[in-house]
Amino acid sequence: MYRTTLQGALLASSILAGIGAAAAADVTLNIESWRNDDLQIWQEKIIPAFEAKNPGIKITFSPSAPTEYNAALNAKLDAGSAGDLVACRPFDTSLQLFDKGKLEDLTALAGMKNFSEVAKAAWTTDDGAKTFCVPMASVIHGFIYNKEALEKVGAEVPKTVDQFFAVLDKLKADGTYIPLAMGTKDMWEAATMGYQNIGPTYWKGEEGRKALIAGTQKLTDEPWVEPYRVLAKWAPYLGDGFEAQTYPDSQNLFTLGRAAIYPAGSWEISLFNTAGLKLGAFPPPVAKDGDTCYISDHNDIAMGLNAASAHKEEAKVFLEWVASAEFASIYANALPGFFSLNSTAVDMTDPLAKEFVSWRESCKPTIRSTYQILSRGTPNLENETWAESANVINGTDTPEVAAKKLQDGLDSWYKPAK
Amino acid sequence: MTDLAPELGVEASQRRPRRWHIFVFLAPAVFIYTAVMILPLFETLRQSLFNVVDGEHVFVGFSNFATLFGDPRWAADFWNALGNNFVFFLIHMMVQNPIGVALAALLSLPGLRFAAFYRTAFFLPTLLSFVIVGFIWKLILSPIWGVSPWLMDLVGLKALFAPWLGRSGSALIAVSLVSVWQFIGIPMMLIYAALLSIPEEVIEAAEIDGITGWGQFFKIKLPLVLPAIGIISILTFVGNFNAFDLVYTMQGALAGPDKATDILGTFLYRTFFGFQLQLGDQSMGATIATIMFLIILTGVCIYLFGIQRRIRRYQF
């Protein structure tokens, strides 16, 4: 009895060892991500494309819920059980992980040359010396409109601010459509789709954003207050009871064809495409015809390497591929509205997504002004901007008061290097 | 002498053997309660005296409290949340409890038809989850899809409808009333039980003395259920100052518009766990939690020592 047990154990261990050896030939890399919506795309398109070219490396995409991702990832990294590759949130959340030594420095990765400075900004240290995640995608702000609505009132697609308000007036006079689909209940709509959408045109994109970080401009300066004045003028064109209108309400109003213009982020494209409406898009209007236009082309997602990974070499092979034009093309086409940050132009088939990305040629891109460095302290500038943008549209605060509140809050903790 | 004491002890234990079963039966509850309530409570109190300075977790004494009350921004947020919390509590005391008492009085009327149905109907919202209640009321009050504009239109009051949840003047009142709607069942049930326990003899004696109707309610029944009302008040107080979920589901973590519905619970949540780009600050969060604990402790003490001792109880 004893002998047979021993033999069995020996046999079992040799078989297991054999399996172990076979598995060692194929390295499996685990990807952590918050994009559980993308699971199918990864499994059906992205992973097969990579594995076909790189035999011996297997990829598993294991996403978690978006709201739990940051906390779950931190816990897994601390416990040493995190995947080899991790999706990076933009700015401080990832920077903090890099500073703690959880993410590998990827500055030397060859594929990094495919990305512009702005594209890498969200995953680069403050001094610009080290980049720790490979940029994957960004989202662009603009306005999506219902073509039928504009045809009905005989309006042209607006280029300047005056034309924009003229179109809104026509829509309001006609009365069939709610001119603008936006609410202030959730607040971030007012800040992200409102202020950060039209704002860059006034503060001249990167120029103003960098000046704000450097301390040479203040939020109370004209380029930062003017967008609030324009935003305040939106109020009469919003739907009845916009103060209690939530983000899903706005989406529904637009996809049901009850609203004409939707201040948008490009991530809406795939949802809006399912509505069966004829849609077009235009960039944030400029002050005078012929002025340079600025768009918010905000870095949203990147991929980093877990510093504790056992398969760094293989993971770097994968990251090089993520930095390639091939990945950019697969990703951007599978997820219209999430645009590749790769400098190589990507051919996209979705007309609305194409329209959005075409603005990269004609307009200067920037990122949301509050994301880099300025939202590190208390009070948090991004959260305050949400509240104040909603206040300005609701008429609770004048644009000047709102700007002053934001600047005072920022001054209380942020001391720009002189 | 030295030998005497242990002997006495032995004698005593012989007379009254230690009843171990008490400890054994209490142990699971004590253990679980300590693990999930008492330890975290002390850990929170301790955490409020620490902060992160230059990456080190160090003891800072009361400086977190100094920041909370001294820094104009922290103080403004805190007093705003505390003020809103008092409004929230007052609305509950003024609306929920009187209506609860009234409903209980009506339900306890002899000969009321469908009493069981009403009782269940009024109590049902209390059993619903906050998420469901918040979501239902957000939809009911929605200016776009809601039934309330339509219902008000039916009775010609459409002009009085406003997007209440979105206006800083009315949002807090609206949220409070939703909470009242949800919890009206609790005072109703407690008072109902208290009213039922009033002996028939007392009521009959009152009737013989000619006290009936309203007079009977205010002079006989109400004094007899006062202890129950006291309990309800303190439950409401503790519940309201710990409240968080309803505001979070209806108005989000920023408790908009313009922090008009921010109560201590949401303020604590934002500070402790962070929100969006705001990173969580566990020390300041623990500081706010400590203050909330002290507020509730003070309130409960005032009730226990100031009010409950003076309430007269009647033995029948």
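B:T34 is found in helix α2 of chain B, residues 20-47. Helices here are DSSP runs of H or I with at least four residues, strands are DSSP runs of E with at least two, and both are numbered from the N terminus. The model is predicted, so local features need pLDDT of at least 70 and side-chain atom pairs count only at pLDDT 80 or more, while totals for chains, interfaces and linings use all residues. Residues are numbered from 1 along each chain as its sequence is written, and chains are lettered from A and ligands numbered from 1 in the order in which they are written.

Now look across the chain. B:T34 and B:Q216 are 182 residues apart along the chain, and 47 Å separates their C-alpha atoms.

Follow α2(B) to its packing with helix α14 of chain B, residues 282-308. The two pack at an angle of about 115°, with their axes 8 Å apart. Axes are lines fitted to C-alpha atoms, for helices over the stretch in contact, and angles run from 0 to 180 degrees between N-to-C directions. α2(B) passes α14(B) in a left-handed crossing. A crossing is left-handed if the near helix is turned anticlockwise from the far one by less than a right angle, and right-handed if clockwise. B:T44, B:L45 and B:Q47 of α2(B) meet B:Q282, B:S283, B:A286, B:A289 and B:T290 of α14(B). Residues are in contact if their C-beta atoms, placed from the backbone, lie within 7 Å.

Next comes a pair of strands in chain B. Strand β1(B), residues 50-53, and strand β2(B), residues 56-59, pair in the antiparallel sense over 4 bridges. Strands pair if DSSP finds at least two bridges between them. B:V52 has B:H57 in β2(B) as its bridge partner. The strands form a hairpin with 2 residues between them, and B:D54 in the turn has a positive phi of about 50°.

Then look at helix α3(B), residues 63-70, and helix α4(B), residues 72-107. Their axes come within 5 Å and cross at roughly 75°. α3(B) and α4(B) are therefore roughly perpendicular to each other. Angles under 35 degrees count as roughly parallel, over 145 as roughly antiparallel, 65 to 115 as roughly perpendicular and the rest as oblique. B:T67, B:L68, B:F69 and B:G70 in α3(B) meet B:W74, B:A75 and B:F78 in α4(B).

Turn to chain A. Strand β1(A), residues 27-33, and strand β2(A), residues 57-63, run parallel and are joined by 7 bridges. A:E32 has A:S62 in β2(A) as its bridge partner. Together with helix α2(A), residues 39-53, these strands make a right-handed β-α-β unit. Right-handed here means that, with the strands pointing away from the viewer, the path from the first strand over the helix to the second runs clockwise.

Now find α8(A). In the loop between β5 and α8 of chain A sits A:M187. Phi of A:M187 is near 65°, a positive value in a residue other than glycine. A:M187 counts as buried because it has 26 C-beta neighbours inside 10 Å. A:K204 lies in the loop between α8 and α9 (206-214) of chain A. A:K204 has a positive phi of about 55°, although it is not a glycine. A:K204 is partly exposed, because 15 other C-beta atoms lie within 10 Å.

At what angle do α8(A) and helix α10(A), residues 222-232, pack? The angle is about 135°, with the axes 8 Å apart. That makes α8(A) oblique to α10(A). α8(A) passes α10(A) in a right-handed crossing. Among the residues that make the contact are A:Y195 and A:W203 of α8(A) and A:W224 and A:L231 of α10(A).

Helix α11(A), residues 247-255, has the buried residues A:D249, A:S250, A:L253, A:F254 and A:T255. Their cover includes β5, α8, β6 and α12 of chain A. After α11(A) comes A:G257, with a positive phi near 80°.

Finish with A:Q407 in helix α17(A), residues 399-411. A:Q407 and A:T220 are 187 residues apart along the chain, yet their C-alpha atoms are separated by 6.6 Å.

Definitions and conventions. Buried ≥ 20, exposed ≤ 12 C-beta atoms within 10 Å, placed from the backbone. Contact = placed C-beta atoms within 7 Å.
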